[in-house]
Structure formats: C-alpha cells, structure tokens
Amino acid sequence: MDVTLHLAQQPEADELLGRSPLAALVGMLLDQQIPMEWAFAGPYAIAQRMGADDLDAHEIAAYDPEAFAALLATKPAVHRYPGSMAKRIQQLCQYLVEHYDGDAAALWKDAASGTELLSRLNALPGYGTQKSRIFLALLGKQLGVRPQGWREAAGTYGDPDSFRSVADITGPESLAKVRAHKQELKAAAKAAKGSGKSADT
C-alpha cells in the first residue's frame, strides 16, 4: 500500500494515508460530524504530536487515555469531539493489537472475499455498516485491495464511476462532485421529512 490519496487535501497528510493502513483506518473513523479534509488530516496531526512519522497501534493502545485525549484536544483540535474520538481511536488500536497483532493491513491481506472483508471491518470499534462499506470501496477503488466480490460487498459505494463517498475522491474535481451528491441527498431527506410532517397534520 503506497499510493497518493487526496482526502486531506494536504500533501503530507495524504502521503501518510496512502502508505499507512492504520492512518487510513483512523481517518475513516474520524470522518463524522466534521468536514472530510479535517478528518483525514487527523492521523498526520496525531503522528506529528506523538513525534513519529506513522501511527503505531501498540503505542496508541497503551497510551494513557487522559494524555491521548489531551493530545487530540490540543489546538487545532483533531476533531470537534476530541475526547470521545480519542477513546474510539484507542479502542480501535486495542482491537487491532488483540486480533491482528497491531497490523491494520492484516485485516484485508488474507480476506478471501469482499463479504469476509466487510464483516471484519464491521467488527471494528467505531465502524458501522455504512462506514465499513465506504472503507471497503476506498480499498478497492484506490488502494488495490480487491478480494472477490468486493464491489458487491461495498454496495452502491462500490459502483464504478460514481461520486458517492471518500472512495471516489481523487482530486478537487471529484471532491466537488461528491459534495454535490451529498447536498442532493440532504435536500431529498429534508423534503421527505417535510412532506411527512404535513401528511401527519
């Protein structure tokens, strides 16, 4: 795994995401309730604050929880909710240490099928079905991890030539298309909610 991603829109942060399986997993974990670029720049910020050029699952898992939360909360904060996210990142790393000897890439190295890989991702702390499918699509579309049936397991996020999620972002143009798609979904959800309300009254 050594490609250039364009999710943080910062060269050093994107370079880390492309070479570090754990950084990519942590970036995906952070990608909620904040802008995508902020989330995916997080792993690089954490590594820098820990004085390292990569994240280490063993080190993070064993880190003092209060000190790790403070590390994420230092301005500029790594997330809008640094305390709860610090806890989630530590839980993720503890799980990886326990089940994969701290090697994030072991999650997918020997996965026999997309379904198996999806179920492994689903088992990660902080990863629900949607997040797991998006990450599976990112692995297949940009990181060359393509077990049999990966597109089907990723659902609509695996569709070729779509602009639904971070899996489809390769630069500013595709980022704009994904943003537009998300705005359309929000508008549709809001409209559906509004029509539902009027039908009830």
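**Salt bridges first**

I started at Arg164, which is partly exposed at 29% relative accessibility (buried is under 20% relative accessible area, exposed over 50%, partly exposed in between, with a 1.4 Å probe and protein chains only). Its partner in a salt bridge is Asp159, with the closest N and O atoms 3.9 Å apart; a salt bridge here is a side-chain nitrogen of Lys or Arg within 4 Å of a carboxyl oxygen of Asp or Glu. Asp159 is partly exposed too, at 30%.

A reminder to myself: this is a predicted model, where local features need pLDDT of at least 70, side-chain atom pairs count only at pLDDT 80 or more, and totals for chains, interfaces and linings use all residues. Numbering runs from 1 along each chain as its sequence is written, and side-chain values use heavy atoms, with hydrogens and water left out.

I then looked at Lys141 and Asp168, whose side chains meet in a salt bridge at 2.5 Å, N to O. Lys141 sits in helix α9 (residues 129-142) and Asp168 in the loop between α10 (150-153) and α11, so this pair ties together parts 27 residues apart in sequence. Helices are DSSP runs (H or I, at least four residues), numbered from the N terminus. Asp168 is buried at 8%, while Lys141 is partly exposed at 21%.

Next came Arg120 and Asp110, with a salt bridge of 2.8 Å, N to O. Arg120 is buried at 15%, but Asp110 is exposed at 54%. I also found Asp110, Glu116 and Arg120 linked in a network of salt bridges. The total count is 8 salt bridges.

**Helix α3**

I followed α3 over residues 36-49: 14 residues, reaching 20 Å from first C-alpha to last. Where does α3 bend? I found a bend of about 35° at Gly42, with Pro43 following within four residues; the bend is the angle between axes fitted to the seven residues ending there and the seven starting there. Buried residues in α3 include Met36, Phe40 and Ile46. Just after α3, Gly51 has a positive phi of about 70°.

**Core and confidence**

The largest nonpolar core has 66 residues, and Leu25, Ile46, Ile89 and Phe135 have the most contacts inside it. Such a core is a set of buried Ala, Val, Leu, Ile, Met, Phe, Trp, Tyr and Cys residues joined through side-chain atoms within 4.5 Å.

Last, I checked pLDDT (the predictor's confidence in each residue, from 0 to 100): the protein chain averages 91. Over residues 197-201 it is below 50.

Technical notes:
Helices (H or I, at least four residues) and strands (E, at least two) are DSSP runs, numbered from the N terminus. The expected span of a helix is 1.5 Å times one less than its number of residues. Contact means heavy atoms within 4.5 Å.
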